Amino acid sequence: MMGDFDGKVAVVTGGASGAGEATAKIMAGRGAAVVIADVAQDRAAGVVKEITAGGGRAVAVRTDVSDPADAAAMVERAVADFGRLDVLVNCAAALGPDVLGRDTTVVDVDLGVWERSLAVDLFGVMLGCRFAIPHLVAGGGGAIVNVSSVAALRGRWVGPAYAAAKAGVIGLTRNVATTYGQRRVRCNAVAPGLIMSPAATAMLSEADRRIQESHLLLPSRSTPEEVAETVVFLASDAARYVTGQVLVADGGLTSHSPSYADWRRQVAEAEAS
Ligand SMILES: NC(=O)c1ccc[n+]([C@@H]2O[C@H](COP(=O)([O-])OP(=O)(O)OC[C@H]3O[C@@H](n4cnc5c(N)ncnc54)[C@H](O)[C@@H]3O)[C@@H](O)[C@H]2O)c1
């Protein structure tokens, strides 16, 4: 069966888990050869195994996206193993308890936590673009999709480093789209709301989850696959006239009046009485 990514080569950072893993699997299933670039070597190898067992093409490259030598090597590996580069998805982010879990307030946050968050979530995205763009241009064009977050679009009471990094990703996305559009490189961002990835499931308190769910317009939280489909759309030729955009994939979390959850609660109370 022909896939719309046949003959294309993609690098997916953070491809060992969550939305990155789902993106790598969907693209591979549609014909792309995929480089899974992640610090989690064992999990990345497991994703490669699943893809190749299903007849797809993939390799894993142990990559810390915040390390310039690693970021250069992940791109070189794509070109060395598969001959070209067409797509870069920057999905890796430091979401563990050691970084996001300690990203408290601007007054209290440990400065090392701030630096690590910015290093992985923003500098890492810049490095990916830096090393990928020359190959995308050499191949006649390509697509970059950077994963931001609704945390860049709305204030939250925690996570200042994460919010700043993800807002930076949006600025960088528009800059790259502007600079390289004439050379047929498209660059877009996806801003997910709450993705029920292993990381988010482990990090989110029950109370926080309930609050977030009460503000969703759609009845359920998103799966990694639902966000990945949005990423893959932007990377695909179906989005060939789309560049410099931020596609919010959040189940309506940020698109309504702030009083929506109160209204829903009132309706539920009225119905129950
Ligand atoms: N989970 C959510 O609720 C949520 C919400 C909004 C945005 N996002 C964004 O979506 C993306 C995917 O989120 P997820 O929850 O699916 O993630 P996840 O934690 O399941 O996967 C992230 C992957 O990035 C890898 N990674 C971490 N640091 C790295 C580094 N320095 N170099 C290379 N790889 C590294 C991890 O090993 C992991 O495999 C992230 O960019 C995240 O910020 C997530």
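Contact here means that heavy atoms lie within 4.5 Å of each other. The exercises below concern a predicted model, and each is followed by a worked solution.

**Exercise 1. Describe the surroundings of Ser149: where is this residue found, is Ser149 buried or exposed, and which residues does Ser149 touch?**

Step 1. Begin with the place in the chain: Ser149 is found in the loop that lies between strand S5 (142-147) and helix H5 (160-180).

Step 2. Turn next to accessibility, where the cut-off for buried is under 20% relative accessible area. Ser149 has 6% relative accessibility and therefore counts as buried.

Step 3. List the contacts, not counting residues up to four places away in sequence: Ser149 touches Tyr162, Lys166, Val190, Ala191 and Pro192.

**Exercise 2. Work out how helix H4 (residues 111-138) packs against H5: what is the angle between them, and how far apart are their axes?**

Step 1. Two packed helices are described by the angle between their axes together with the distance between the axes. For H4 and H5 the angle is about 15 degrees, and the axes are 8 Å apart.

Step 2. Since angles under 35 degrees count as roughly parallel, H4 is roughly parallel to H5. The crossing of these two helices, H4 and H5, is right-handed.

Step 3. Look at who takes part: on the H4 side the residues are Trp114, Ser117, Leu118, Asp121, Leu122, Val125, Met126, Cys129 and Ile133, and they meet Pro160, Ala161, Tyr162, Ala164, Ala165, Gly168, Val169, Leu172, Val176 and Tyr180 in H5.

Step 4. Sort these residues by class, and the contact of H4 with H5 has 16 nonpolar, two polar and one charged residues.

**Exercise 3. Helix H1 (residues 18-29) meets helix H2 (residues 41-53), and H1 also packs with helix H8 (residues 224-235). Describe each pairing in turn: at roughly what angle do the axes of H1 and H2 cross, and at roughly what angle do those of H1 and H8?**

Step 1. The axes of H1 and H2 come within 10 Å and cross at roughly 20 degrees. That makes H1 roughly parallel to H2, and their crossing is right-handed.

Step 2. In this pairing, Glu21, Ala24, Lys25 and Ala28 of H1 meet Val47, Glu50 and Ile51 of H2. By class, the residues in the contact of H1 with H2 divide into four nonpolar, no polar and three charged.

Step 3. For the other pairing, the axes of H1 and H8 come within 8 Å and cross at roughly 55 degrees. H1 and H8 are therefore oblique to each other, and H1 passes H8 in a right-handed crossing.

Step 4. The contact is made by Gly18, Ala19, Ala22, Thr23, Ile26 and Met27 on the H1 side, and by Pro224, Glu225, Val227, Ala228, Glu229, Val231, Val232 and Ala235 on the H8 side. These residues of the contact of H1 with H8 divide into ten nonpolar, two polar and two charged.

**Exercise 4. Characterise Asp208 and Arg184: is Asp208 buried or exposed, and is Arg184 buried or exposed?**

Step 1. Asp208 has its place in helix H7 (residues 206-214), and a relative accessible area of 15% makes Asp208 buried.

Step 2. Leaving aside neighbours within four places in sequence, Asp208 is in contact with Arg156 and Trp157.

Step 3. Arg184 is found in the loop between H5 and strand S6 (185-192), and with a relative accessible area of 62% Arg184 is exposed.

Step 4. Consider finally the backbone of Arg184, whose phi is near 65 degrees, a positive value in a residue other than glycine.

Methods: Residues numbered from 1 in each chain as written. Predicted model: local features only at pLDDT ≥ 70, side-chain atom pairs only at ≥ 80, totals over all residues. Heavy atoms only, no water. Axes fitted to C-alpha atoms, helices over the stretch in contact; angles between N-to-C directions. Helix = DSSP H or I, 4+ residues; strand = E, 2+ residues; numbered from the N terminus. Parallel < 35°, antiparallel > 145°, perpendicular 65-115°, else oblique. Left-handed = near helix turned anticlockwise from the far one by under 90°. Nonpolar A, V, L, I, M, F, W, Y, C, P; charged D, E, K, R; others polar. Buried < 20%, exposed > 50% of the residue type's maximum accessible area, 1.4 Å probe, protein only.
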